[in-house]
Amino acid sequence: MMIKSEATDPLLLAVAMAMVDNPRASLQELAKAVGVSKATLYRMCPTRDKITERLFSESVRQFDLAIAAAELETAPIPQAFRALIEGHLRHKELFVFVSNTWEPQLLEASDTEHRWVEYEAIFDQFFLRGQQEGFFRVDIGAAALSELMIGMLSALVNSERSGRIARKDMLDTMEKMFLSGAKRQ
């Protein structure tokens, strides 16, 4: 099933990266970092809090689309895993933003923008399904597999940002390392 995602505003993605690179930047500093005027950034979102809210909201939207496209409950495990990683890499700026700015107090928010725990549960269920079907090893819990996947994906995205690995190698590297490990076969 191919779910077409609506493109995320490139300016919003650039702001996400600028906020990751300089978490305490003012609107003026963020505008300069992304090459627009403060007025342009202000029209997009008049405060840092509004920018953060919009970034979390867009992240939720794109993560939901990535999860839906991966068909985690029905697709064959290898296909679903690859689609899940592809979906998150497609919007890696949002993934980096969320993974670098998420804090436990966000769980106390009552709105639907901060749903990291729901994503963890979805991932846990996917890995549990994979274990039950004999695809994933059972000596590592589903929750640990979820955390390892999230951590490895975050490390790969940050490594690509720093120039240590090539963008074109990210998906295959993630798939090989997660599914086969570092041990020579």
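Analyst: Two packed helices are described by the angle between their axes and the distance between the axes. Here helix α5 (residues 77-90) packs with helix α9 (residues 170-180) at an angle of about 135°, and their axes lie 10 Å apart. Because of that angle, α5 is oblique to α9. The crossing of α5 past α9 is right-handed. This is a predicted model: local features need pLDDT of at least 70, side-chain atom pairs count only at pLDDT 80 or more, and totals for chains, interfaces and linings use all residues. Residues are numbered from 1 along each chain as its sequence is written, and side-chain values use heavy atoms, with hydrogens and water left out.

User: How are the terms for helices and angles defined?

Analyst: Helices are DSSP runs (H or I, at least four residues), numbered from the N terminus. Axes are lines fitted to C-alpha atoms over the stretch in contact, and angles run from 0 to 180 degrees between N-to-C directions. Angles under 35 degrees count as roughly parallel, over 145 as roughly antiparallel, 65 to 115 as roughly perpendicular and the rest as oblique. A crossing is right-handed if the near helix is turned clockwise from the far one by less than a right angle, and left-handed if anticlockwise.

User: Is Ser-146 buried or exposed?

Analyst: Ser-146, in helix α8 (residues 142-161), counts as buried because its relative accessibility is 0%; buried means under 20% relative accessible area, exposed over 50%, partly exposed in between (1.4 Å probe, protein chains only). Beyond residues up to four places away in sequence, Ser-146 touches Glu-120, Phe-123, Asp-124 and Phe-127, where contact means heavy atoms within 4.5 Å.

Key
Helices (H or I, at least four residues) and strands (E, at least two) are DSSP runs, numbered from the N terminus.
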